[in-house]
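Please examine the sequence and the model shown below before reading on.

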Amino acid sequence: MDDIIMATASQPGLRLLSGVTAFTIRHFPGDTSARDAVQAQGLSWSSEPGIISGHDPWLAWRSPQEILALAFRPEPLHALLHALAPGRSESALAVDLSEALAVFELHGPQLDVWLSHLVDAMAIPYLPGRVCRCRLADAAVLLLRLDPERVCLVADGPSTPYLSNWLSYSHQGAFDAER
């Protein structure tokens, strides 16, 4: 993990997480093979809009036909990737996006104050276990509220430098006046 901004007792911090395994699980409406494969690995299926299930790995509802799986421990997801490899199911598949995504961790106190400077306040997932798709500085992101003082921000990997700069800039705007 690379700290971009260190958290303090009064301000949130920011890390770029490394070593995160990320899979997309896509399925047709009404498909049960994706859910069955997830549950066969002992993982919880996230079928409700805006919900995250599990804990490392986390399965986040991304759309009616897509779940995003994130993990620091990749082992539980590898069997799932094999079970849902392209061609194994007529209506579902899993694809490894680990190298294609950037995962930032925003953590610490006053996290919602900072988030309100980044995205529309209606898009902030205020409760743990909630996820929201939104735009940050005109980049599509997924916000996963893992606990009250921890949010993962998932974006396309090539936008990492842009988002790092934007997150740092917005942190200064939100908190430099307090110093």
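Which backbone oxygen lies 2.6 Å from a polar atom of the side chain of S46?

## The setting of S46

The structure is a predicted model. In it, the backbone oxygen of I51 lies 2.6 Å from a polar atom of the S46 side chain. S46 itself is found in the loop between α1 (33-40) and β4 (52-53).

S46 counts as buried because its relative accessibility is 2%, and buried means under 20%. Leaving aside residues up to four places away in sequence, S46 touches I51, I52, S53, L59, A60, W61 and I67.

## The largest nonpolar core

In soluble globular proteins, nonpolar side chains tend to be buried together. Here the largest nonpolar core has 26 residues. Those with the most contacts inside this core are L106, W114, L136, L153 and L167. Two or more residues each come from β8 (101-107), α3 (111-118), β9 (130-136), β10 (139-147), β11 (150-156) and α4 (160-175).

L106 illustrates these surroundings. Not counting residues up to four places away in sequence, L106 touches several residues, including W114, L153 and L167, and also E149 and R150.

## The packing of α3 and α4

Two packed helices are described by the angle between their axes and the distance between the axes. For α3 and α4, the angle is about 120° and the axes are 9 Å apart. α3 passes α4 in a right-handed crossing.

On the α3 side, V113, W114, H117 and L118 take part in the contact; they meet W166, L167, S170, H171, A174 and F175 of α4. By class, this contact has seven nonpolar, three polar and no charged residues.

Terms used. Residues are numbered from 1 along each chain as its sequence is written. This is a predicted model: local features need pLDDT of at least 70, side-chain atom pairs count only at pLDDT 80 or more; totals for chains, interfaces and linings use all residues. Side-chain values use heavy atoms; hydrogens and water are left out. A nonpolar core is a set of buried Ala, Val, Leu, Ile, Met, Phe, Trp, Tyr and Cys residues joined through side-chain atoms within 4.5 Å. Buried means under 20% relative accessible area, exposed over 50%, partly exposed in between (1.4 Å probe, protein chains only). Helices (H or I, at least four residues) and strands (E, at least two) are DSSP runs, numbered from the N terminus. Contact means heavy atoms within 4.5 Å. Axes are lines fitted to C-alpha atoms, for helices over the stretch in contact, and angles run from 0 to 180 degrees between N-to-C directions. A crossing is left-handed if the near helix is turned anticlockwise from the far one by less than a right angle, and right-handed if clockwise. Ala, Val, Leu, Ile, Met, Phe, Trp, Tyr, Cys and Pro count as nonpolar, Asp, Glu, Lys and Arg as charged, and the others, Gly among them, as polar. A polar contact is a pair of N or O atoms within 3.5 Å; within protein, one must be able to donate a hydrogen and the other to accept it, and residues adjacent in sequence count only if both atoms are side-chain atoms.
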